[in-house]
Amino acid sequence: EQTDPDRYGLACFLDMIKRKVVKKGSYLIVENLDRLSREHAVQATHTLMGILLAGVRVVQLLPQELVLHEKSDGMSIMMAVMELSRGHGESA
């Protein structure tokens with residue numbers, strides 16, 4: 001059963017996005033994007049893009065503040081992908 005919020009919090013959040021419980025314009029604040037996923041860069045980027053395309057803004061606090069949204073510029077997206085890739089590398 002997926003009731004442990006520390007382990008399944010993101011899965012629950014993604015499900016709430018899919019069910020439109022989380023409204024467009026909402027924010028997901030993470031300490032660092034590497035907390036979002038430890039998957040390979042492509043899968044982690046797919047997860048992030050799904051959140052952004054649902055109209056949810058993602059805010060990274062560290063190592064530098066980064067606010068991502070569905071119309072973020074290429075440099076911001078590249079920085080996000082690098083953080084996600086780093087997270088996978090550290091996990092491996």
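Student: In strand 1, which residues sit on the covered face and which on the uncovered one?

Tutor: Start with the general idea: side chains in a regular strand alternate between the two faces of the sheet. Here, Leu28 and Val30 make up the covered face of strand 1, while Tyr27 and Ile29 make up the uncovered one. Keep in mind that this is a predicted model, where local features need pLDDT of at least 70, side-chain atom pairs count only at pLDDT 80 or more, and totals for chains, interfaces and linings use all residues. Residues are numbered from 1 along each chain as its sequence is written, and side-chain values use heavy atoms, with hydrogens and water left out.

Student: What counts as a strand or a helix?

Tutor: Both are DSSP runs numbered from the N terminus: helices are H or I with at least four residues, strands are E with at least two.

Student: Which strands pair, and in what sense?

Tutor: Two strands pair if DSSP finds at least two bridges between them. Strand 1 (residues 27-30) and strand 2 (residues 57-60) are parallel, with 4 bridges. Across this pair, Tyr27 stands opposite Arg57, and Leu28 stands opposite Val58. Strand 2 also pairs with strand 3 (residues 66-68), this time antiparallel, over 3 bridges. There, Val58 has Leu68 opposite.

Student: How many residues join strand 2 to strand 3?

Tutor: The hairpin between strand 2 and strand 3 has 5 residues. Leu62 lies in that loop.

Student: Is Leu62 buried, partly exposed or exposed?

Tutor: The scale uses relative accessible area: buried is under 20%, exposed is over 50%, and partly exposed is in between (1.4 Å probe, protein chains only). Leu62 counts as partly exposed because its relative accessibility is 44%.

Student: Which residues form the nonpolar patch on the surface?

Tutor: A patch takes residues with over 30% relative accessible area and no salt bridge; like charges are joined within 9 Å, and nonpolar side chains (Val, Leu, Ile, Met, Phe, Trp, Tyr) within 5 Å. In this model, Tyr27, Ile29, Leu61, Leu62 and Val67 form one, with about 470 Å² of accessible area together. Such areas come from the Shrake-Rupley method with a 1.4 Å probe, and for residues only the protein chains shown count as cover. Tyr27 and Ile29 belong to the uncovered face of strand 1.

Student: How many salt bridges does the structure hold?

Tutor: A salt bridge is a side-chain nitrogen of Lys or Arg within 4 Å of a carboxyl oxygen of Asp or Glu. The structure holds 4. Among them is Arg19 with Asp15, at 2.8 Å from N to O. Another joins Arg35 and Glu31, whose closest N and O atoms are 3.6 Å apart. Arg35 counts as exposed because its relative accessibility is 56%, whereas Glu31, at 43%, is partly exposed.

Student: Which residues are linked in a network of salt bridges?

Tutor: Asp34, Glu83 and Arg86 are. Glu83 and Arg86 come within 2.7 Å at their closest N and O atoms. Both lie in helix 3 (residues 74-91), 3 residues apart, about one turn of the helix. Glu83 is buried because its relative accessible area is 14%, while Arg86, at 31%, is partly exposed.

Student: Which residues does Ser76 touch?

Tutor: Contact means heavy atoms within 4.5 Å. Not counting residues up to four places away in sequence, Ser76 touches Leu66 and Leu68. Ser76 lies in helix 3 and counts as buried because its relative accessibility is 12%.
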